[in-house]
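Let's take a walk through this protein model, looking at a sheet and some ring-bearing side chains. Have the 3D view ready.

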Amino acid sequence: MIVKTKIYLLDVSMEAVEAERQLQMVETLKGMLSDRRREKVEMLRLPQDQLLSLGAGYLLDLGLSEYGLRECEATFGTAGNGKPVLLNDPEIHFNLSHSGTMAMAVFSGREAGCDVEREREARMPLAKRFFCREEYEDLAALPEGSSRNHRFTRYWTLKESFLKVTGEGMRMPLNQFRIHLTNPVWAESEGRKLPYRFQELSFPGYCAAVSLAGYEEEPCVKIIKILSECM
């Protein structure tokens with residue numbers, strides 16, 4: 001099976017949707033997804049968190065449908081590093097993320113990680129403590145405000161997506177590797193270029209990033225949807 005890299009983004013905002021229609025959409029999503037996903041959703045207290053989790057499940061189902069699979073039927077497990085995998089279809093790599101009102105998923109034929117974040121204020125003490133010195137200095141050279149906030153969020157999403165593609169999570173300190181915001185973006189550790197490729201997506205109020213194992217260039221298909229238009 002040839003698995004092309006596809007990136008999905010979903011806006012789950014329902015501000016313009018009537019309350020009754022919102023409830024119908026939530027119930028429809030729950031009916032589409034597995035007991036495992038529904039149980040995860042019901043453990044969340046805040047309605048927005050529940051909706052984001054449902055949105056991530058919807059994207060997982062949508063992406064898997066490209067390969068003749070469904071989220072409610074697939075068998076999931078974890079790799080040795082704790083990263084979620086498809087036990088019966090290990091050639092399909094996937095990763096999920098969500099923030100604010102945005103859910104994100106990536107599917108690929110190679111190891112993949114993704115992260116989406118609502119643009120946030122640049123937390124310089126955090127950057128000084130946890131980022132590489134060069135990354136912190138790059139941020140500090142910008143004036144306070146939107147430009148610095150945007151760059152801080154770019155660093156954050158790129159680093160998070162890298163931690164997720166490697167499966168290291170918080171076991172790897174953020175200052176153990178450096179992100180170069182060049183074109184293309186690349187990462188290094190101890191003076192060595194790391195064998196990963198990055199794809200960034202930027203849209204109003206958010207930053208998103210995908211990390212893929214290997215240097216090879218390939219087109220990434222990006223699919224952006226609004227939940228209220230999908231149900």
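A residue counts as buried when its relative accessible area is under 20%, and as exposed when that area is over 50%; in between, it is partly exposed. Keep in mind that this is a predicted model.

| Residue | Relative accessibility | Class |
|---|---|---|
| Phe177 | 1% | buried |
| Phe94 | 5% | buried |
| Phe76 | 21% | partly exposed |

Now for the rings themselves. The structure has eleven aromatic pairs. One of them joins Phe76 and Phe94 edge-to-face, with 5.8 Å centre to centre and 75° between the planes. Phe76 belongs to strand 2 and Phe94 to strand 4, 18 residues apart. Both also belong to an aromatic cluster with Tyr8 and Phe107. Arg36 lies over the face of Phe76, 4.5 Å from the ring centre.

Phe162 and Phe177 make a tilted pair, since their planes are at 40°, and their centres are 4.5 Å apart. Phe162 is in helix 6 while Phe177 is in the loop between helix 6 and strand 7, so the pair ties together parts 15 residues apart in sequence. Over the ring of Phe177 sits the charged end of Lys159, 4.2 Å from the centre.

What about the sheet? Three strands make an open, antiparallel sheet in the order 6-11-10. Strands 6 and 10 each have a single partner strand, so one side of each lacks a neighbour in the sheet. Helix 6 packs on this sheet, touching strand 6, strand 10 and strand 11.

Key
Residues are numbered from 1 along each chain as its sequence is written. This is a predicted model: local features need pLDDT of at least 70, side-chain atom pairs count only at pLDDT 80 or more; totals for chains, interfaces and linings use all residues. Side-chain values use heavy atoms; hydrogens and water are left out. Two strands pair if DSSP finds at least two bridges between them. Helices (H or I, at least four residues) and strands (E, at least two) are DSSP runs, numbered from the N terminus. Contact means heavy atoms within 4.5 Å. Axes are lines fitted to C-alpha atoms, for helices over the stretch in contact, and angles run from 0 to 180 degrees between N-to-C directions. Rings of Phe, Tyr and Trp (its six-membered ring) pair if their centres lie within 6.5 Å; planes under 30 degrees apart count as stacked, over 60 as edge-to-face and the rest as tilted. Buried means under 20% relative accessible area, exposed over 50%, partly exposed in between (1.4 Å probe, protein chains only). A charge sits over a ring if NZ of Lys or CZ of Arg is within 6 Å of the ring centre and within 35 degrees of the ring normal.
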